[in-house]
Amino acid sequence: MSTIFGNLCCMFRRCLFSVLSIGPIPDHIAFIMDGNRRYAKRTQISTGHRVGFSALISVLRYCYEIGVKYVTIYAFSIDNFKRKPEEVQSTMDLMKEKIDELLEEHSIVNKYGIRMNFWGNLNLLNDAVRLSVEKAMRNTSNNTGPVLSVCVAYTSTNEIAHAIEKSCCQKTEMMKRMHANGFENGVVEKNTQTMVTVVDLEMHLFSNDCPDPDIIIRTSGETRLSNFLLWQSSFSHLQNPTPLWPEFSLRHLVWAILSYQRAYPYLQNRSKKML
Amino acid sequence: MLATSKLRCQLFVPNLPKSIKRPATNHCAAGSPSFIGKSKACSARVSAGEAPITFPRGGGKDGDDEGDFPFGLRREALPKHVAVIMDGNGRWAASRGLPTASGHVAGYKALKLMVELSCRWGIRVLTVFAFSSENWLRPKPEVDFLMTLFENVLKEDLRDLLREDIRICIIGDSSKLPKTLQKMSTEVEEISHRNSRLDLVVALSYSGRTDIVQACQKIAQKVKNGILHPEDITETCVAQELETSSAVGYPYPDLLIRTSGELRLSNFLLWELAYTELYFSQSHWPDFGEDEYVEALRAFQKRQRRFGLRTAL
């Protein structure tokens, strides 16, 4: 009976997504998964992060079924390290557990051939989590399906500062090589006059192989980016639905895409003017 | 299509009533969790863009006008720095069958009102997105009109701005501006630089990404000159090189308001908006008056800003 019901739901969802696909489907949706703790307090459970993870798996499934190619999530900010040590530790433990789960055979990662990225200052993570993260990136690097980018130990300002550092290092190396190859000072100077361009900067952002998000969704009704994808959010459609993250469901995602589709003609008009 | 010969920068909007009517009742939508503020149309209300506004004469410093402080706002919890994306001039004009130029003139009046209110209520910095780097792609007559409008505004309102102790800072790529406007901007900045009541930052020919890139290039030059090692590049280094950091004492907006219902940042500030509360108003910019500003500030005061922690600071 439950299988029949499950199949009916699946069929209904496919119909719904077919209708949605008449309009433009965003390539990239980014989520600030806010509200886990408030959910836990409201429902009197010990922690909302586990429920939040279940919500994430459902949302990922819906996104990839609809045809969204890139999903980015804000899992843990550098600012969050300022929380109580026991809370930070339990979040790290949960993160490791869930990353390892995602690499198991029956997980959504294998079902959809997801390639996983982890964006952030990974040196700030403890060894156990960092090893899991590196393993996840390594094991999924050849996957050709949709992309899941997890921002952990991340802030956008840190990402930009890191990109600037990498750009400067690259240019410095280029100058040294030119000098070593016998290029005159004048030639080196001319070639490195514009030390760093916007192309260099974007190449060194963590998101260099992802398009900018079409939609950024922050749940729980909060109305700020909290240092998430500041560079990449420049022209993104910003949404702040009221439900807490564990409550974010299929209908909220559908509504989010419909809102995006309503704004799409204006967005396209703007981007054409910029070309 | 705007004919250049017909464009005159006159601060004139047809059918002007004599004064702004401020509704007696409170129209603010308290308690709504959505950050899209709904403009409460009042049949008796005149939009900010339709009334002639002048800067207050003999206005006192903040705190002197207690009687005018809006009900329900807490003075101590006001944002120090408000940023505004003044969107919707063209749509406002189109909805009234007016040329786009009229929308921009009406938008300027709304800006003057906002400056007046910000001064009165003790906001310390007001940053406005007047012209983005993407706006250069608009039709030439409209761009030319805007450049003329900016120049005339700086010329005609300078005395008022100085009297009100307002400091003007212009950020953006000034090299693309007409030479006369560049010169005017520099003069206005120099003349007003000692003022301290309100920092009015005008983003002209501005792009948030370009600002970050120019900061990056300054840092790269320091690295090239051996003043800085790449591994010593920090977020503080980057922040110090942004145009806003040198311009004002509070470079990070506490509140960003965008009018006309569009839900995006459009390449405005970006780095500086890391922890800014975002407020999107349905009103078009010329209609954004005192009621709408109060509603935005009320919404701001309801929010809990945690900066990554668990409890609000």
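## The interface between chains A and B

Buried area is the accessible area, taken with a 1.4 Å probe, that two parts lose on being put together, summed over both. In this predicted model, chain B and chain A bury about 4,400 Å² between them, and carbon and sulfur atoms give 58% of that area. The contact (heavy atoms within 4.5 Å) draws 56 residues from chain A and 47 residues from chain B.

## Salt bridges and the chain B side

Three salt bridges link chain B and chain A; each needs a side-chain nitrogen of Lys or Arg within 4 Å of a carboxyl oxygen of Asp or Glu. One of them joins B:Glu277 to A:Arg224, with N to O at 2.7 Å.

On chain B, the elements giving two or more residues to the side that touches chain A are α5 (208-224), α6 (235-241) and β7 (277-281). Here helices (H or I, at least four residues) and strands (E, at least two) are DSSP runs, numbered from the N terminus. The largest share, nine residues, comes from α5(B).

## A helix in chain A

Now for α7 of chain A, residues 156-180. Just after α7(A), A:Gly182 takes a positive phi of about 90°.

## Notes on the model

Residues are numbered from 1 along each chain as its sequence is written, and chains are lettered from A in the order in which they are written. Local features need pLDDT of at least 70, side-chain atom pairs count only at pLDDT 80 or more, and totals for chains, interfaces and linings use all residues, while side-chain values use heavy atoms, leaving out hydrogens and water.

Technical notes:
The expected span of a helix is 1.5 Å times one less than its number of residues.
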